[in-house]
Amino acid sequence: MLFTRPTADRSVAGSVLDRSPSASHGAVVSAEHFLDRMVWDVEHGRFERALSGLSRLDRPGPLRFFTTEEEPTLRAFCDTVLAQDCEPRVPVVEMVDTKLAEGKLDGYQYADMPDDRDTWRLVLRGLDHTATQGCRTDFAGATESQRDAIVSEFAHGRLVGGAWDELNVTRAWSVVMRAALSEFYSHPWAWNEIGFGGPAYPRGFMRLGGPGADGAAVREPFEKPGATDEDPVRVVDTWQQ
Amino acid sequence: MGTFWRGILKGSIGPRDNDSRFLLDVHSRDLPGEATMARYRDNDEVDLVIVGAGAGGSVLAQRLARHGWRVVIIEAGPFWHPDEDWVSDEAGSHPLYWTQKRIIGGADPIELGKNNSGRGVGGSMVHYAGYTPRFHPSDLSTYTDDGVGADWPIDYEDLRPHYEQVEAELPVAGQDWPWGYPHRYPFSPHPVSGAADKLREGALRCGIEMRVGPVGIVNGTFGNRPHCIYRGYCLQGCKVNAKASPYVTHLPDALAHGVEVRANCMALQVEIEQDSGRARGVVYATESDGAHRLQRAQYVAIAGYSIETPRLLLASSSPRFPHGLGNNADQVGRYVMVQGATQTAGRWPHELRMYKAPPPEISSEQFYETDPDRGFTRGFSVQTVSPLPIGWAEHVLADGHWGRALREYMRDYNHWATIGVLNELLAHPDNRITLADETDEYGQPVARMDYTLSDNDKANMAYSTKVITDILHAADAQDVLTIQRFAHLIGGARMGSSPEHSVVDANHRVWAVPNLFLADGSVCPTQGAANPALTIMALASRLAQRMASGAAMVDDVAARIGRTRSVAGSRR
């Protein structure tokens, strides 16, 4: 089965991610377009001009840390674990590349693991190794369901052979996912998808929803209800049946 | 001031001998006084050089500067300019954390970095959540009472006046506190958010009492510090100046009284006069040119917290101290502790938007003390928390979701509320900081932290996870997601009554070096189930009082041993 995005439009004000790319839009929605809808504080608050979120909307690339040989595997892996299957994508590949190229690591390294930068390279080699063994193609060339199966084994720490033998596979999963998720959910398009309002400064929140007549789900005037309130646990259960 | 009057007067009477709240600028978040700060030369022998401008070092500096001491603080990280440097953004807050490499090992390695380690002027309190509970009196005598951990060489009464003073300086907001040593807070509790209210309802149905606070967040105005705006970014640095950190509570007053904060300077070694065994000062490297300098001082205090303090002591080896300072009995780095911090989230049909209001809202210490019926020693506290998107994604990942399922769970973010625990994990000698083979850019060996949970720790964590899960079910949560994690650091150079079993004496003075003190959380022999920030500040406040009076420098054996609890002297 092909990867699709999570069920249709459930954002605050229509998800940027869920719009079909068209010739007139190009691949990347412009920063200006995003700003006037979303980050009130960034645009109007004089204090947060330096918000690094702005640079996240710049046109990304080219890769500095990963090699051209590694790039297809990396892109296929990030697409698979984040279920991004068409443009416009949150440029997670470029964001992870920047983090590693600039050495902005997280401040700890497991004693039985190499440096995070080496872990990434080994994971990519390991994915290709497993794909070659099981599907007679590299990871990027595997079908969606094959990639899905390999990543599932990775998530359970069950991959062996090749580069995997140089890693603690469970910890390697945590290292690469930590980076991929922090980049993806630092991007304003992802905030839009999950209904997170972004930086609330200097504005703040007045309506906290505590005990009172307005109820727990009281909203600020600028907050909009989500497009759906389906329980994701039920939805995911149906997929897995 | 007695408890009664504190309850009546609340914040109307401010703290004495600390003008920080009036020195802050209403229109700028910068630390006032940076431009006019005292500057000492390296070969000036100042009265005190402190390593680390965090919770411990800043309070010590502010207090002693008020007594006329000439103080220099050496700080590895930057001197913040919050209006430009801090952002309301998780990923953009990366520079606030200690992200230089550390090695983590043992059976249960502890994640560091953003989780528990700060860097820069203000220390980790710049990005702590804001909870400021006190330790309970029982935390200071766990060995006598329960046969675990260690007894402290000081009593709760030694700390209590300093708790009260620091609570007035932060100031702490919260309901009257019934647990431990019952007390009141100078500021009234913050309003409860919709998410926290759900959790409180659930707790009440389980027979668990939760109270609002205690948090070091201004509720009202406090000098030139404004009311909290409830934007939810406490863990990314408070740009409002509502949340307390030494950057706003002690350093403004310290700078006004002649303290120099030398930022971007990494301490490498405490230099020892080989004949007398006294510390001459601190050797540090400046980030700009990498040059090594020695700041001379009459007294040296290290306040680098549970990893950097042992690292600096171990790295300061010399012919007189071949195994590192204070390490003659192989005690440095041992008994380092973290707290279990499992979080469980529940899903409701309403959009609760848990990030509105401070992440620390309400808490309970009902399970803090030992209860033999639970099957383990010591206890835990229950606290609400509110992860932002990246933190929430880690939560969903920990439940085993990735790809499409993860995106589907994530898009439902606004419907979830999170409750967590803090387990008191017991001190163990093999949980320790050592030096790794790898070195950093200055050639200094990086720290390695090994951690392994004991059976008591695991039983405590399992029991507490069930308690918070029950709370969510009682609150009619439709679904529950759990993540097992750890928080905080403490210990690593503990205080005690004998040089064989501790690094410092009852006055925080390193047993073998007459003018070297430790002024941070590394001295705590136990940690309770309370967030450590307030206790670290209170300990530094007490130490400052004793250094100013000279009591901390007395060589009398009884004074160094402090209070002993058991007749046989069997305590360790």
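**View 1. Strand E8 of chain B and its partners in the predicted model.** Strand E1 (residues 46-51) of chain B and strand E8 (residues 292-302) of chain B run parallel and are joined by five bridges; the model shown here and in the views that follow is a predicted one. Within this pairing, B:Val49 has B:Val300 of E8(B) as its bridge partner. Strand E7 (residues 279-286) of chain B is also joined to E8(B) by five bridges, but here the strands run antiparallel, with B:Val283 bridged to B:Leu294 of E8(B). E7(B) and E8(B) make up a hairpin that has five residues between the strands, and in its turn B:Gly290 adopts a positive phi of about 70 degrees. A further pairing of E8(B), in the parallel sense and over three bridges, is with strand E18 (residues 516-518) of chain B, where B:Ala301 finds its bridge partner in B:Phe517.

**View 2. A sheet with strands from chain A and chain B.** Strand E1 (residues 109-110) of chain A pairs with E3(B) in the parallel sense over two bridges, and A:Tyr110 has B:Ile104 of E3(B) as its bridge partner. On the chain B side, E3(B) runs parallel to strand E15 (residues 445-450) of chain B, to which three bridges join it; in this pair B:Ile103 stands opposite B:Arg448 of E15(B).

**View 3. The hairpin of E14 and E15 in chain B.** Strand E14 (residues 432-439) of chain B and E15(B) run antiparallel, with five bridges joining them, and B:Ile433 is bridged to B:Met449 of E15(B). The hairpin that these two strands form has five residues between the strands, and B:Gly443 takes a positive phi near 80 degrees in it.

View 4. Helix H10 (residues 305-315) of chain B is mostly covered, since ten of its eleven residues are buried.

**View 5. The crossing of helices H7 and H13 in chain B.** H7(B) packs with helix H13 (residues 455-474) of chain B at an angle of about 105 degrees, the two axes lying 7 Å apart. An angle of 65 to 115 degrees counts as roughly perpendicular, and H7(B) and H13(B) are therefore described as roughly perpendicular to each other. From H7(B), the contact is made by B:Leu199, B:Gly202, B:Ala203 and B:Arg205, and from H13(B) by B:Ile471, B:Leu472 and B:Ala474. Sorted by class, the residues in this contact of H7(B) with H13(B) are five nonpolar, one polar and one charged.

**View 6. The side of chain B that touches chain A.** Between the two chains, 62 residues of chain B are in contact with 56 residues of chain A. Two or more residues on the chain B side come from each of helix H4 (82-85), strand E3 (103-105), helix H7 (194-205), helix H11 (389-398) and helix H12 (403-410) of chain B, and the largest share, seven residues, is given by H12(B). By class, the residues of this side of chain B comprise 24 nonpolar, 16 polar and 22 charged.

**View 7. Chain B as the setting of the close-ups.** The secondary structure of chain B consists of 15 helices and 18 strands. Its radius of gyration is 22 Å, close to the 25 Å that the globule rule gives for 572 residues, so chain B is as compact as a globular protein of that length. The C-alpha trace of chain B spans about 70 × 55 × 55 Å along its principal axes, and 63% of the 572 residues of the chain count as buried. Of the contacts in chain B between residues at least 6 apart in sequence, 76% join residues at least 24 apart.

Methods: Residues numbered from 1 in each chain as written. Chains lettered and ligands numbered in written order. Predicted model: local features only at pLDDT ≥ 70, side-chain atom pairs only at ≥ 80, totals over all residues. Contact = placed C-beta atoms within 7 Å. Helix = DSSP H or I, 4+ residues; strand = E, 2+ residues; numbered from the N terminus. Nonpolar A, V, L, I, M, F, W, Y, C, P; charged D, E, K, R; others polar. Pairing = 2+ DSSP bridges. Buried ≥ 20, exposed ≤ 12 C-beta atoms within 10 Å, placed from the backbone. Rg over C-alpha atoms; globule rule 2.2 N^0.38 Å. Axes fitted to C-alpha atoms, helices over the stretch in contact; angles between N-to-C directions. Parallel < 35°, antiparallel > 145°, perpendicular 65-115°, else oblique.
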